[in-house]
Amino acid sequence: GGAGRALSPLVGPPLLAMGGGARGGRRGAGGARRGPLGVAVSDFDAVFGKAYGPRWLALRSAMAAKTSLVALHNGFYPAPHLLSESLGVPPAENRDSAGSVEESLGKAGPATGATTLEDVSARGGAVGEGSKSKEQLVASLSNCCLRVSEKVTYGISQALHDPYLSGPAANSIRPFYLLDLASLLPPLALDVAPGQSVLDLCSAPGGKSLILAHLLFRRQLVNTGARVTLSERLPEQEWTRHIGGAKTELVCNDAVHSRYERLRKVIQEHVPSSVRGSIKITQRDGCRYHLNQRESGYYDRVLVDAPCSSERHIIQQSRGGPIKKDQWTQSRCKQTADLEAQLLLSATRVCKPGGRVVYSTCSIAAAENDGVVQKVVDKLGADVVSVCHDTPVVELLEDIEKTQHGWIALPDTTAHGPIFFCILEMSRNSKLGNEHRQSQYSET
């Protein structure tokens, strides 16, 4: 099933009394537990209460709270200082932790200077000689993001409708993108660089694709190798296209038409037209992406931000009431894990030998996280793929937790997430023929 061999279905009696359904619940025909209005109630709280133990009440409460967002500076925006001014936030060199994300990152102190996302990437802070300290990484990130606090919410609302900030004066692109801070971690862990071919297999709504685009197309200028900072205004024709003769490619895919259209809109609103020519947006079944022989083993990096059960969204939808069976069941969770495993298997097939795949979800279910990774590793074998347990990007979020194969950010400790991610490295020595690879990636 979707859970790996290290996991088993979590079953047991209800452990928590949550909402009216638990207080006045009763069994209907077929044994289904029902709330006071006869609505079938799932065993959501029993399952996760067993998985997380005494922590579950605090975690559930944190997931029910409004999601904490940050405003990510759009690295393609030609006049980023206008963003801070529009939000009423002082420039980075004059900013204290109240106006940045440092508060949630360990209070590294005020940051200075304009910084781009590539300064925060895994490559910029690689482990080893010349690696950045935690304080330096945090300072870099605090210059890329602004905390969305109550005092700047109105400013953000106004900025979104400001014709100068989002209209022709800014090349018709928006100056920032709102996202959960923990969402930065999977694309940063992918460790992309100009000259690579990168696939974002499940791209919508598009926030992680924007991060990848920043890292791929802003690091250097054509024929100069010059660094680019947020404060520099660049002619559109100077964005990176080729580095050292290698073509830089970003493919963003989503199978669902409504999500595909949303992805296209996000890219159009945040990326200049000259760069959009190097970004291909596709609408294909991610589980069958590898069946195109031209793309088998083609990509240097693949991100799989898989569709998941998204328990935080379910809890917020319930508005404090019980979780209904039409919202979540263990069998549906297992089906989702099976789909995720197929997506991850497809990703490994289109990744080059020696390449990297990052798998991520916003689920808290072990079956959809470590369980999926375990299933794929068991199926392919250690001679084809291995799990990487070391990345400097985890230093960017205090209290992130190590799991069997990856890391998870949970909102009761980090104030962000949930976000799980795992890094898979493809073996450099694997030489799988097409027939052998076809059998390896057969349906499960």
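User: Is Lys 334 buried, partly exposed or exposed?

Analyst: Lys 334 is found in helix H13, where helices (H or I, at least four residues) and strands (E, at least two) are DSSP runs, numbered from the N terminus. This is a predicted model, in which local features need pLDDT of at least 70, side-chain atom pairs count only at pLDDT 80 or more, and totals for chains, interfaces and linings use all residues. Residues are numbered from 1 along each chain as its sequence is written, and side-chain values use heavy atoms, with hydrogens and water left out. Buried means under 20% relative accessible area, exposed over 50% and partly exposed in between (1.4 Å probe, protein chains only), so Lys 334, at 43% relative accessibility, is partly exposed.

User: How far apart in space are the C-alpha atoms of Lys 334 and Ala 365?

Analyst: Lys 334 and Ala 365 are 31 residues apart in sequence. From C-alpha to C-alpha, their separation in space is 9.9 Å.

User: Which residues does Leu 343 contact, leaving aside its neighbours within four places in sequence?

Analyst: Leu 343 also has its place in helix H13, and with a relative accessible area of 4% it is buried. Its C-alpha atom is separated by 5.8 Å from that of Gly 286, 57 residues away along the chain. With contact meaning heavy atoms within 4.5 Å, the partners of Leu 343 beyond four places in sequence are Leu 201, Cys 202, Gly 286, Cys 287, Val 304, Ala 306 and Pro 307.

User: Is Asp 254 buried or exposed?

Analyst: Asp 254 lies in the loop between strand S9 (249-253) and helix H10 (257-270). A polar atom of its side chain lies 3.3 Å from the backbone nitrogen of Val 256. Beyond four places in sequence, its contacts include Ser 203, Arg 259 and Gln 283. Because its relative accessible area is 6%, Asp 254 is buried.

User: How is H2 oriented relative to H3?

Analyst: Helix H2 (residues 44-52) and helix H3 (residues 56-64) pack with their axes 9 Å apart, at an angle of about 120°. Axes are lines fitted to C-alpha atoms, for helices over the stretch in contact, and angles run from 0 to 180 degrees between N-to-C directions. Angles under 35 degrees count as roughly parallel, over 145 as roughly antiparallel, 65 to 115 as roughly perpendicular and the rest as oblique. H2 is therefore, relative to H3, oblique.

User: Which residues of H12 make the contact with H3?

Analyst: H3 and helix H12 (residues 311-318) pack at about 75°, with their axes 8 Å apart, which means that H3 is roughly perpendicular to H12. From H3, the contact is made by Trp 56, Arg 60, Ala 62, Met 63 and Ala 64. From H12, the residues are Glu 311, Arg 312, Ile 315 and Gln 316.

Technical notes
A polar contact is a pair of N or O atoms within 3.5 Å; within protein, one must be able to donate a hydrogen and the other to accept it, and residues adjacent in sequence count only if both atoms are side-chain atoms.
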